[in-house]
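Here is a brief report on one protein chain. Keep the sequence and the model side by side as you read.

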Amino acid sequence: MAYPPSMNTFLAHSLDFAGLAETILRSGNEIRFRACGNSMVPFVENGDILSVIPMDPLKARIGDVILHRRKNGALAAHRIQRILRDRARPSAVRTRGDAHPGDGEMIPLEAILGQVIRVQRGNRKISLTSRSHRARAALWSAIQPAGILARRLARKTGRALKKLR
């Protein structure tokens, strides 16, 4: 579904939006914006409205979905997979989109702008902080690599069968 731009619309990947979001969150206010992209499918879909609140990066937990600045200055909303510590104090987090396998991206704590607490999909509001959501996300994170491997194996098997014909 395409959303026409208007005078009040910023694209989430624009640096203008990133600066505005950072200013609003650092001043202690919540922001809401429309997600662009599919990196967090199935929990966040393209076009969903995300609600983000300020957060203390030292209180980040594995499984939190955070809004952070990437190295290129753009914003991303991804799930924390791992917390790295320096002398028992958190120093960085490793994040990954739910739709992507692999190690994800290392994010310094100062790049964390806020926590995504809710997704609005149509009239439905979905909490990303509830125990049930966190359990579903943990299960997805555990089984998702197996699903990717199964799809790759099916493609390779299909190609091999075509060669045999």
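## Strands and hairpins

Strands β4 and β5 pair in the antiparallel sense, over seven bridges. This is a predicted model. Within that pairing, Arg82 has Arg94 in β5 as its bridge partner. The hairpin of β4 and β5 has two residues between the strands.

Strand β4 also pairs with β3. Those two run antiparallel and are joined by five bridges. Here Arg69 has Leu75 in β4 as its bridge partner. Five residues lie between the strands of the hairpin of β3 and β4. Gly73 in that hairpin takes a positive phi near 95°.

Now the whole chain. It has two helices and eight strands. From the N terminus, the order is α-β-β-β-β-β-β-β-β-α. Of the 165 residues, 37% are buried. Take the contacts between residues at least 6 apart in sequence: 51% of them join residues at least 24 apart. The chain exposes about 10,400 Å², and carbon and sulfur atoms supply 55% of that area.

Most residues other than glycine have a negative phi, and most peptide bonds are trans.

A cis peptide bond joins Val41 and Pro42, with omega about 15°. Pro42 lies in the loop between β1 and β2.

## Nonpolar cores

In soluble globular proteins, nonpolar side chains tend to be buried together. In this model, the largest nonpolar core has 20 residues. Leu50 and Leu67 have the most contacts inside that core. Which elements each supply at least two residues of this core? They are α1 (15-26), β1 (31-34), β2 (49-53), β3 (65-69), β4 (75-86) and β7 (112-121). The largest share, four residues, comes from α1.

A second, separate core has 10 residues. Among them are Ile80, Ile83, Val93 and Ile112.

Back to Leu50. Leaving aside neighbours within four places in sequence, Leu50 is in contact with Ile31, Arg32, Phe33, Ala35, Val44, Ala77, Val116, Arg118 and Val119.

## A buried glutamate

Glu105 is in strand β6 (residues 105-108). Why does Glu105 count as buried? Its relative accessibility is 16%, and the cut-off for buried is under 20%, so Glu105 falls in the buried class.

What does the side chain of Glu105 make a polar contact with? The partner is the side chain of Arg70, at 2.9 Å. Beyond neighbours within four places in sequence, Glu105 is in contact with His68, Arg70, Lys71, Val93, Arg94 and Thr95. Two names in that list have come up before. Val93 is part of the second core, and Arg94 is the bridge partner of Arg82.

Terms used: Residues are numbered from 1 along each chain as its sequence is written. This is a predicted model: local features need pLDDT of at least 70, side-chain atom pairs count only at pLDDT 80 or more; totals for chains, interfaces and linings use all residues. Side-chain values use heavy atoms; hydrogens and water are left out. Buried means under 20% relative accessible area, exposed over 50%, partly exposed in between (1.4 Å probe, protein chains only). Contact means heavy atoms within 4.5 Å. Accessible areas come from the Shrake-Rupley method with a 1.4 Å probe; for residues, only the protein chains shown count as cover. A polar contact is a pair of N or O atoms within 3.5 Å; within protein, one must be able to donate a hydrogen and the other to accept it, and residues adjacent in sequence count only if both atoms are side-chain atoms. A nonpolar core is a set of buried Ala, Val, Leu, Ile, Met, Phe, Trp, Tyr and Cys residues joined through side-chain atoms within 4.5 Å. Two strands pair if DSSP finds at least two bridges between them.
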